[in-house]
Structures are given as structure tokens and as C-alpha cells.
Amino acid sequence: MSIGKTIVIVGHYGSGKTEFAANFTLFHRDAGHDTTLADLDIVNPYFRSRELQAQFEKRGIRVLSSNFETEHNLDTPALAAGLYACFQPGATVNIVDVGGDPVGARVLARYAHYLRNREYDMWMVINANRPQTAHPAETQRLLEQIEQISHLKINGLINNTHMLDETAPEDLLRGDALVRTLSASCGIPVKYTVCTRHLIPQAERLHVSGTLFPISLLLRPSWLS
Amino acid sequence: MAKVLMKGNEAMAEAAIQAGCQAFFGYPITPQSEIPEYFARELPKRGGLFLQAESELAAMNMVMGASASGARVMTSTSGPGYCLKLETLAAMTLTRLPAVVVVVMRSGPAFGTMKAAQEDYRMNGNGGYKVVTFAPSNLQEAAEMVYEAFDIADQYRNPVVVMADGMIGQMMEGVDYDKMPPKRTALPPKTWALHGRGARAGKKPQLLFLPDGMGHYGAKHYCETQLYPEIIRNETRVEITDVEDADIVLAAYGTAARMCKNVIRELQGTVRLGMIRPKTLWPFPYEAFEQIGPKCKAIVVPEINIIGQMIDDVRIASAGRWPAHHVGDSQNDFLTPNRIRDKVLAVWEGLQ
């Protein structure tokens with residue numbers, strides 16, 4: 001059960017953490033949960049969860065990030081004091097979207113001691129079409145680096161292998177093979193296989209690991225397709 | 001190598017390494033920091049040198065030094081850093097040293113904000129020099145342009161700039177490195193390069209900044225009267241779409257051109273739109289505008305800035321034949337396809 005839990009989303013940059021985190025937030029909100037999306041990304045300038053703030057707040061979702069950047073678009077890696085709430089026990093589902101790579105995950109160490117003595121989830125999003133996470137050994141090294149720098153443990157893998165509009169079932173299968181190997185070598189289960197909604201009928205026939213999780217692209221502007 | 005999903009900055013860095021870039025000197029600045037990060041990780045593994053300098057000034061002077069020793073060398077920055085690099089860039093055009101400079105534009109003036117922008121179109125150092133300036137509109141193209149930039153720089157002994165807006169640097173897209181442009185053959189040997197005192201064998205220093213027999217002014221005169229016209233003839237790049245029977249022509253580069261393609265699709269059946277997309281900002285494709293057909297009534301120039309910069313070149317190319325209308329950022333927002341569509345429709349209604 002996710003209520004009162006903190007779910008931290010980490011991974012390589014460009015792996016689709018923010019699209020997953022944003023869609024997962026909507027999924028919980030639609031299930032009627034009191035949901036918060038925390039944007040801890042202080043390494044990226046664009047395509048961050050905070051861009052969804054106005055849209056999400058209309059749907060009753062709290063979006064927390066920095067109290068500076070949202071207003072001024074400045075390159076200040078500041079984090080709002082309210083972010084602490086996401087790491088405290090309570091009645092809300094807290095989804096924490098973290099910046100990419102170990103460098104983006106470093107910020108978690110600041111909050112790690114709040115989670116250490118209670119149950120939390122930390123899931124790593126993996127896209128096997130990203131050159132740095134195309135092979136199990138490299139991906140495992142990245143996983144270990146993220147754990148080391150964040151002082152937290154990853155307990156779920158998410159296969160988010162895609163090639164944007166050109167995604168084919170083969171992409172999902174390539175990612176599935178990768179996360180299965182990784183799961184076997186590091187003992188971390190595969191939680192979800194992610195794909196855009198229109199691919200779900202094809203994906204259902206593939207018997208990929210974890211639960212199929214359909215998403216819509218919330219951050220990518222439609223004119224980029 | 002199959003298509004891989006890349007972030008724009010990574011895609012350009014990887015293309016540079018594949019083009020034989022041997023050294024990178026830079027200094028971090030948003031929204032291009034993934035370029036030095038990529039080089040820091042990849043270049044030493046692949047036999048090259050990465051060095052984070054103490055400033056943009058230092059980095060650019062290191063680029064000049066490495067180029068003088070004959071290396072393929074690159075740096076990257078954003079507007080504020082590009083200002084600092086211009087003095088050395090100008091010096092490299094005078095001393096005829098090749099290099100590649102990637103500029104990922106953000107909103108200024110000065111440190112400005114992190115917002116993506118097309119505001120450095122007119123940014124130049126002193127002295128009337130010219131450098132080929134590429135303007136990519138997608139990541140495949142960004143990678144190809146960086147790849148080819150090294151050959152162009154070596155061919156003419158003149159630096160090449162790749163000017164991407166922040167969106168190009170930060171967006172994700174598939175890139176196929178099997179589709180890089182062909183390597184240019186018969187590039188002139190770098191007989192001028194410095195290889196150390198031992199390599200001189202008692203002769204004069206190898207690095208001749210100026211072509212033999214020419215004084216400073218002679219070299220400058222040669223560049224401006226012969227080299228630059230040759231580059232204009234050979235390296236002007238443009239994408240021209242449906243301008244022969246267009247009612248209105250859109251002229252845009254980079255991400256703004258990308259938005260235009262959506263607007264053209266959306267307005268099909270309402271107004272006949274063509275597009276001129278400069279892929280090189282210098283040389284600017286003035287001649288492309290000669291292909292515009294007799295039905296054209298106006299040119300709309302969307303740019304990610306407030307009052308327009310490239311629009312000046314569009315007006316020169318138009319030579320009074322068509323009015324040129326700017327559309328850009330509003331008080332609160334970046335240029336959007338909707339703003340372009342609304343501008344096109346307003347201009348179209350005004351013509352009825």
C-alpha cells in the first residue's frame with residue numbers, strides 16, 4: 001500500500017524519470033489519494049516536474065520544488081523547505097522526482113536520514129535505448145553509484161525503454177531483457193514496464209516483467225513530435 | 001550502430017568525438033553543461049584530452065593553443081560565455097586557426113535566465129571576420145553539423161560555430177551515428193602546426209600565422225575578398241519548402257522552425273504556407289528568397305526572442321518585395337506554435 005509512503009524515482013538522465021513520476025502521480029490522484037509530487041531536480045534546466053505545477057494543482061495535487069526558480073527561472077539549485085514534508089510519515093502519497101545520474105541523486109543524501117528507519121520505495125527508471133544504460137554491467141554500476149551517493153537503497157526497477165514516436169515492441173523486449181538480467185544479478189524486482197497508452201494492446205502480448213504501466217507524455221511539447 | 005536516444009548536448013559531444021576531436025576545453029554553463037560532462041567521461045577513454053579551465057577566457061585560449069599545435073579541438077558554451085570567447089575567436093580567424101565552438105543559447109542579456117532563446121544571432125567579435133555558423137533544428141542534424149564542422153574548419157582554416165537554442169541542447173531524440181555526412185577528403189595538411197623545437201630542424205618556427213609573403217592587412221584582405229566569398233559559395237545551407245506557390249512564407253531556424261512545421265500542418269486548407277529554414281546563419285541563404293513565387297504577400301519570421309534578430313537578414317533578402325512580420329516571446333511566455341499560428345492568421349486576414 002502506498003499511502004503515507006515516499007516513493008523516490010531515480011535513474012540515468014534522459015531515462016524518462018519525470019514522465020514516469022508525473023504519470024504515477026496522476027495514477028495515485030485518480031485513485032483518490034492525497035498526492036504530492038516533489039521535484040528534487042536541481043541539475044536540469046528544462047522538462048522538470050515543476051513545469052506541471054499549475055496543471056497539477058488544478059487537480060488537487062501538491063507540487064513542491066524550489067521557491068526561487070518557479071518564479072524567476074534562475075539557475076539557483078535551491079530547494080523549498082516544504083520538501084521535508086515528503087519524507088515524513090503522514091497520510092499522503094509522496095512521489096519524489098530526482099535529478100538524473102549520481103550527480104542528480106546527491107541531493108537525496110540531505111533527506112536520507114528521514115527515510116532510513118521507515119518503509120520507503122526507491123525505483124530506478126531504465127531506458128535501454130540510452131547508450132549509458134544499454135548493458136547490464138554499466139546499468140548496475142550506475143545503480144550502485146546512485147545508492148552510494150544518495151545513502152538510500154533501490155528496491156524496484158522500471159523498464160521505460162522507448163524511442164519516442166518510433167517505439168516498437170522490440171524496444172520493450174530489449175529493455176525487458178536488460179532489467180531481467182539486472183534483477184537477477186542484484187536481486188531487485190522489476191516493478192513496472194512503462195509504455196505510452198497506444199502501445200498497450202501490443203505490449204500486453206509480450207509478457208514483459210512487472211506490471212504494465214501506461215503513460216501519456218506530459219512534459220514533451222506536442223510540437224516536438 | 002543502431003539509433004540511440006540522446007539528449008541534444010550529448011548528441012553533439014558524441015558527434016565531435018566521432019569526428020576526431022582530440023581535445024576539449026570548456027567551462028560549465030547552463031544549458032550546455034552536459035557537453036563538457038560527456039567529454040569528461042568519454043574523451044579520456046577514447047584517447048583525447050578533456051580539461052575544465054578556470055574560465056571561458058582560459059578555455060578559449062587553450063583551444064587556440066591546441067589548434068596551433070594541429071589538434072582537432074572544440075569548446076562549448078552559452079551566451080555569457082560566448083561573449084568572453086569572442087576575442088580569441090576573432091584572433092583565431094586572423095591567425096587562421098580551425099576549431100569548433102558550440103553555443104547553446106539561453107535568454108540574456110548577460111546571465112539573464114535559463115530560458116531557451118535565439119538571442120545571439122548577431123553576436124560577433126571585432127574586426128569584420130566571418131565564421132560558418134550552423135543552426136540545427138533536430139538532434140540528428142545537430143550531430144551531423146558538429147561532425148561536419150571539424151572538416152569545414154580544417155578545409156578553410158577558419159573556426160566554425162554551431163549555434164543551437166537551449167531546447168536543442170536539452171531535448172531528447174533518436175540519433176543514428178551511421179548517417180553522419182561523408183568525411184571530406186583532400187583536406188590541406190597542417191604544415192603550419194607547431195610540433196615543438198625538435199621538429200624545427202634549425203628552420204624558422206613552423207607556425208606561420210599569415211600566408212607566406214602577406215602582411216597583416218594583406219591576410220585580412222585575402223579573407224574578406226577571397227576566402228569568405230568561397231565559403232559563401234560552398235557552404236550556404238538552407239531547407240526550402242513549398243515557397244513557389246505560398247501565400248505566406250515562414251522564415252525560421254532551430255526550434256522556431258520546428259514549431260513552424262506544426263503550424264504549416266495545422267493551417268493546411270486555410271492558408272498556403274511555405275518555409276525557408278536557414279541551416280547556416282552565416283552564410284545566410286539570401287538566394288533562397290528568389291524562389292518565392294508571385295502569390296506570396298508576406299513573410300512571417302518566428303524567433304525565440306522579443307523583437308527579432310534574423311528578421312533583419314530576411315528584410316535584406318526580401319529587398320522590399322514582401323513585408324516581414326516578427327512573432328516571438330510574449331511578456332510571460334516563450335514562443336509557441338499557437339502564437340505563430342495566430343500571427344499568421346492575423347497577417348492573412350489583414351491581406352484579405
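**Cavity**

I looked up the largest cavity first, and its volume comes to about 40 Å³. A cavity here is a set of points on a 1 Å grid over the protein atoms alone where a 1.4 Å probe fits but cannot get out. Volume is the space filled by probe spheres set on the points, with grid points joined across faces, edges and corners. This is a predicted model, where local features need pLDDT of at least 70, side-chain atom pairs count only at pLDDT 80 or more, and totals for chains, interfaces and linings use all residues. I kept in mind that residues are numbered from 1 along each chain as its sequence is written, that chains are lettered from A and ligands numbered from 1 in the order in which they are written, and that side-chain values use heavy atoms, with hydrogens and water left out.

How many cavities of 30 Å³ or more does the structure hold? I got 1. Its lining (residues with an atom within 4 Å of a point) includes B:Arg72, B:Phe150, B:Asp154 and B:Lys190. Helix H5 (residues 139-156) of chain B gives the most to that lining, 3 residues; helices (H or I, at least four residues) and strands (E, at least two) are DSSP runs, numbered from the N terminus. By class I noted 7 nonpolar, no polar and 3 charged residues. Ala, Val, Leu, Ile, Met, Phe, Trp, Tyr, Cys and Pro count as nonpolar, Asp, Glu, Lys and Arg as charged, and the others, Gly among them, as polar.

**Second largest pocket**

Next I checked the second largest pocket, with a volume of about 630 Å³. A pocket is an open set with protein on both sides within 12 Å along at least five of seven lines. Of its 34 lining residues, A:Gly14, A:Gly16, A:Glu19, A:His162 and B:Met172 are the closest to the centre. Helix H1 (17-30) and strand E7 (190-196) of chain A and strand E1 (4-7) of chain B each supply at least two lining residues. The lining splits into 15 nonpolar, 13 polar and 6 charged residues.

**Interface of A and B**

Contact (heavy atoms within 4.5 Å) takes in 26 residues from chain A and 30 residues from chain B. The two chains bury about 2,400 Å² between them, 58% of it on carbon and sulfur atoms. That is accessible area (1.4 Å probe) lost on putting two parts together, summed over both. A:Tyr13, A:Tyr46 and A:Trp223 supply 31% of what chain A buries against chain B, more than any other three residues.

I counted 3 salt bridges between the chains, taking a side-chain nitrogen of Lys or Arg within 4 Å of a carboxyl oxygen of Asp or Glu. One salt bridge joins B:Glu10 to A:Arg130 (2.7 Å, N to O).

**Salt bridge in a helix**

Over all chains the salt bridge count is 35. I also found A:Asp171 and A:Arg174 in a salt bridge (3.3 Å, N to O). Both sit in helix H7 (residues 169-186) of chain A, 3 residues apart, so about one helical turn separates them.

The peptide bond from B:Gly108 to B:Pro109 is cis, omega near -5°. B:Pro109 is in the loop between strands E5 (100-105) and E6 (132-134) of chain B. I found another cis bond joining B:Trp282 and B:Pro283, with omega about 0°.

Though not a glycine, A:His151 has a positive phi of about 65°. I placed A:His151 in the loop between helix H6 (136-150) and strand E6 (156-159) of chain A.
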